Amino acid sequence: MTDMPTPTPAPTPTQDVSAARRGPGPRGPHARRPRLTSPAGWTTAVVTAGLLLATTLTTGVFLDLRYVLAALRTTGRGGLSPSEVFAHRPFFYRWLIAGLDALTAGPDAVREALMRCVGLLLCAGAGLLLHRALRARLPERDALLVSGLTALTLAFAPVIDYLQPEWFALVFSVVAVAAVLGVRSRWRAAALAAAPLGLAVLMKYSTAGTAAMALLVVFTVDRVRAVLLAAATAVATGLLFAVSAWSGSREVQWLRDMPHINAHAWGNDPVVASELLRRTAYYLGDRTALTPVLALLPGALLLYALTLASRRQRVEATLVTVLLVLCGVAVVVYQGNWFAYHGENLPVVAAALTGLAIGRWYGRYGRPPLCLTALALLLGVLTPLLATVRQDVDAAVLAGYAAALSFGAALLDVLLSRGPRGARGPRVPAALSVLALVVCLAVTVWPCSGVRIIVGRLVTTNAELKAQARSAKDAAEQVDALLPAGAEVQYLVFGQQAYYIGHPTRCRYPFPTFLNVPKQLTEVPSLTSSRENVRCITQEHPPAYAVYQPSWLSLGVIDPRVASAIRTTYRCPRPAQGQQLVVCTLRHPH
């Protein structure tokens, strides 16, 4: 028994400051870096690489990204640049996706896989920068776990999240945090971090919430740097927006008009507190069922707080975590659509805090929290099975139970650490906890895993989403066979269909998003963007062909004047049974 390691107490605030000045964290048997050369280490590395390869080669991208890609590709073939095109996304995101698309070639499936590969490189780069910054402020193990799990959470993001504006905002925010904490001079650090954090804000404007969360994280570490970064980011964001307003033909106009076409945005619907709370609770449950690492947040917070030296530190850690979650939820509530990817920042918070809790627990007791580790593994194994009982269970309620279980598992870890055996329990490498978390994060890889979960109901799995994409592609190929090669068209379809059709268009509104709104939104037809969108149809020389998707653009639902303009300009045949798209021709060819 004399050869058992002596538990290392958690560092005091004074020791933390000294460690930050010295550089790397303390050395010792409990502070060593997890070794990839150990069996547990290389097993974790191989499994992680295999799962990342599988998701890269098989998952593709979500239909929202195909919408943007279709807008950029079809208008690009019509002679328009990303600065001139409405793609339901701001200026810098459009150019970012255009640049990403330019790096790819080949069939659509190959191009999507290449985009995902570039995304993995961005995750790896952001993780390495974060690790470099954290290792001067945390023990090596803690820095590696936090940065590694942050990068892996982004890399394993569900297809509905991956490469979305919220995803890029997180990548930019991680880079900003790494820059502001990793550069010695506070002024230079703030100046260097301001640009990526400003870009995080401008990915979608609502992503300002993600930038605010990054500032809060910096504030907990270094208040002066956080204040300097906030000021520098305000300036950088203003300058970057000015560039987009000057370079983009209608950026300010679209920023002004877009909220009007979102029927559920904050302020467009009456606010009922009880319904808002119910919907928020369900959203958190849905998001947890989609990315179950979020369920580990309560337990991770408990374990992390108990490793801190003082009550003030524990209260501060709890308050910061609650504020991070509230900030993430506030962005979702404000947008009002309750889309899963609007809360993409929440799993990153949970994974980073879980990594920090595991690292500190290992540093104190010589082993990771085994109960929380077992729960992470269990969630990774069981969550994909929800599809088999989707009609019988409420996924959001189950996610709530999982969150309660994580708190219970953490309590059990605490009790085990304080029992008569203390730290002398089974020796488990930290890499095995990482492996369990990788299995939990990789839930998004499996074909049977849910990708759209709404109010507790699993609506679509990964396999079903791919089947829908194949159906859209088949319908597009049928349309393409009816169109002359390279013919210009007017799209009256959703973007994913145009993504597979690929014919050019000269309309800066390639898809009639401003027209496809319920007639009850009476102010929308008077918007400048709506009038411009109508002129694509009523112009003097409209395209000879239009591709129409009745299930998406119902002429009986939209504004009657717009429907009349479409009927006057184009002759559209009645779709056959099961036909998704029809080809319309000009009533009066020019």
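Residues are numbered from 1 along each chain as its sequence is written. In this predicted model local features need pLDDT of at least 70, side-chain atom pairs count only at pLDDT 80 or more, totals for chains, interfaces and linings use all residues, and side-chain values use heavy atoms, with hydrogens and water left out.

Visitor: Into which domains is the chain divided?
Guide: The bounds come from an automatic or database domain assignment. The chain is divided into domain 1 (89-261), domain 2 (274-416 + 430-455) and domain 3 (465-586).

Visitor: What area is buried between domain 1 and domain 3?
Guide: The C-alpha centres of these two domains lie 34 Å apart. In contact (heavy atoms within 4.5 Å) are 12 residues of domain 1 and 15 residues of domain 3. Buried area is the accessible area (1.4 Å probe) that two parts lose on being put together, summed over both. Carbon and sulfur atoms give 53% of a total of about 1,100 Å².

Visitor: Which residues of domain 1 lose the most area to domain 3?
Guide: Three residues together account for 44% of what the domain 1 side buries. They are Asp108, His260 and Ile261.

Visitor: Is Glu532 buried or exposed?
Guide: Buried means under 20% relative accessible area, exposed over 50%, and partly exposed in between (1.4 Å probe, protein chains only). Arg250, at 22%, counts as partly exposed. Glu532 has a relative accessible area of 11%, so Glu532 is buried.

Visitor: Which residues form a nonpolar patch on the surface?
Guide: Patch residues have over 30% relative accessible area and no salt bridge; like charges are joined within 9 Å, nonpolar side chains (Val, Leu, Ile, Met, Phe, Trp, Tyr) within 5 Å. The patch has about 430 Å² of accessible area, by the Shrake-Rupley method with a 1.4 Å probe, where for residues only the protein chains shown count as cover. Its members are Leu377, Leu378, Val381, Leu382 and Leu385.

Key. Salt bridge = Lys/Arg side-chain N within 4 Å of Asp/Glu carboxyl O.
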